[in-house]
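Take a look at the model below. We will walk through it one part at a time.

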Amino acid sequence: MAEPRKLWSFHGGLHLDDHKSESNQRPVQHMPLPDRLTLPLHQHIGQNAEPVVRVGELVKKGQVVARAPDYVSASIHAPTSGQVIEIGDQPIPHPSGLNDTCIVIEPDGQDSWTELPEPIRHFRSETAADLRDRIRWAGIVGLGGAAFPTAVKVNTGGGRPIDTLVINAAECEPYITCDDVLMLERAPDIIDGIEIIRHIVGARECLIGIEDNKPEAAEALRQAIVRSADSDIQVVVVPTLYPSGGEKQLIRLLTGQEVPSHGLPADIGVLCQNVATTAAVADAVLRGLPLIDRVVTVTGQGVRQPGNFRVALGTPIEFVITQSGGYSGEAHELLLGGPMMGFALHDDQAPVTKATNCLLAASLQEAPGPEPERPCIRCGECVEVCPADLLPQQIFWHARAHDFDRVQEYHLFDCIECGCCAYVCPAHIPLVHYYRYAKTEIWTLERERQKSDLARRRHDARQERLERLERERKSRLRKKKEALDKKSGSSADASKKAAIAAAMKRVADKKAAHKAETQTSDS
Amino acid sequence: MIAAILTIAGLATVFGLILGYSAIRFRVEGDPIADQIDALLPQTQCGQCSFAGCRPYAEAIAAGEAEINRCPPGGETTMIALAELLGRDPVPLDDEEAAEKPKAVAYIVEEECIGCTLCIQACPVDAIMGAAKQMHTVIVDECTGCELCLPPCPVECIHMHPLEATPQTWKWPFPAQAPSEVVNG
């Protein structure tokens, strides 16, 4: 049993109805395979993966179909065996509703595995680099929703050593229970994954932060720790307060340390990983399995049989909903993620990706349409609840005025978009929407600036080249002229002079002869 | 009287020497104001400002010979940034219509291209690849959309394709329900 540990607290936060019991009453169910699997090339933060298969090619389960072209990227594997029937634009789960490049696989029903790498049973005798390579091969990304490539995150790059490994099991957002049921089902694997990550980063201790509304999951983890006999891993139960599962908030709760603005947890010697990610790491290292499926919560009053499902990546969301009993008459809006941070899906043909933690088919009562926005009355409620200690109304003010320098002065980029400010706003201002607007505008400006820098460099290089060519042409002309002059100065000139001299001599001779003739005739 | 004149003259000499020395020692190459202006311009090198590129326009603004509202690709954002940098008042754009054009890149219809290289010579950022009597093509990532390659093409096989948003470049729209009146705090 873990001894009671001092807990710190973060600023603000909200007590919300957790709505967990709708979906966490049954264990994880396996979802059958659909007729086609759509794998977007962009399921993670970083560069798009590059397809390494062609249309018509037969692929085996677990085969790499798209590889990571860059360091910050993640490869994608076939979730089952079958044939690649298309590589092209398909609906993806994205707030824009835009399509993006996907590899479409038609399962052959055999579900036959490709040759997998050897399991690494004795991971403690392996180097951190080898284990990172395995995680990288498996295409693992943060499964909490941010989808940052895990192999990059666990590479501390020889900077400040990691002191504390924080495992995020808080799952603070209402409705979502995929980590909760995963902990009940796979607690030993989670502990294995934690030990592997601890070995990679060399962390002294590990703290698993879990909210007090998941006592069974906490107990399952404690028992798994007892079995593993690793006394440096501790389960720390934190009070249920949204958003305690935010990375920076959880680190503050457990260690009392604050992640610096524009900084990373690694700057204060902390690394944070989601529980589901640690289970995927255990699969990759101890079993040689790539990341080809994940647990997804399907919930809300808009779906008939809410629950948690192990879904193959690429399964259409519409198929997932059908398998959980289909839409009930009350479905009003389909959200990806929870009610606080999720976004509305435009198309339920979009597939489940590595970042899909929850599908919330919300009824009108659960997701009432936005109330008309009214002017800000400067009540300061948003400041009270902001877990990032920001001034939401000031950021809103400047975002609304398109003043992107000022919003950054007010630390817009420390905003975690948790939605607390918009939730309490009595004027119903869609505050998070303003922040997202400002963030994407600033990113666009930054991209344009980079593009114009590139254009300037290329233009300068071209000017320089044109000038150099002109100089070279002139110097070539000059040289040619000089050569010509020299030539005429030597041989040609001499022969000309000789010819002139000869002619003059002839004339002089003629004259002399003529003179002599006249003289003789005169005499 | 003499002492006062000598003191002032002495001081003047000393300061003159210091100023003269620093003018040589700390001499700034180029025109820093023009550099700062150039950094704000979009570098399309399109010449719509009637200058031969972004740098000449920046130099003209720095010399006070040109207004700050003549860059359609930069649009209002650039004009306001220039106004802030130079402490001038914002002015309406010279060519509003051109400024509202969506961003586009040149596209060569390869079946029609005769390989004359005229567009390659016109491109200010070397974004067109090709050789004489060989098909040409535009390097999309490097194209600034300046349209300078359009007039020289003898077979009119270059078209401008508007850049479409991808999920990576997509921007959240400005919230639609903004109230018309805001109580000022």
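Leu221(A) touches Met183(A), Ala187(A), Ile190(A), Ile208(A) and Val235(A), leaving aside residues up to four places away in sequence. Touching means that two C-beta atoms, placed from the backbone, lie within 7 Å. This is a predicted model, in which local features need pLDDT of at least 70 and side-chain atom pairs count only at pLDDT 80 or more, while totals for chains, interfaces and linings use all residues. Residues are numbered from 1 along each chain as its sequence is written, and chains are lettered from A and ligands numbered from 1 in the order in which they are written.

Leu221(A) and Leu359(A) touch the most other members of the largest nonpolar core, which has 136 residues. Helix α3 (residues 178–201) of chain A gives the largest share of this core, 12 residues. A nonpolar core is a set of buried Ala, Val, Leu, Ile, Met, Phe, Trp, Tyr and Cys residues joined through C-beta atoms within 7 Å. A residue is buried if 20 or more other C-beta atoms lie within 10 Å of its own, exposed if 12 or fewer, and partly exposed in between. Helices (H or I, at least four residues) and strands (E, at least two) are DSSP runs, numbered from the N terminus.

Now turn to a sheet. Four strands of chain A form an open sheet in the order β2-β8-β7-β4, with antiparallel pairing. Strands pair if DSSP finds at least two bridges between them. β2 (37–40) and β4 (58–59) of chain A stand at the edges with a single partner strand each, so one side of each has no neighbour in the sheet. Four bridges join β2(A) to β8 (residues 99–107) of chain A. Leu37(A) stands opposite Ile105(A) in β8(A).
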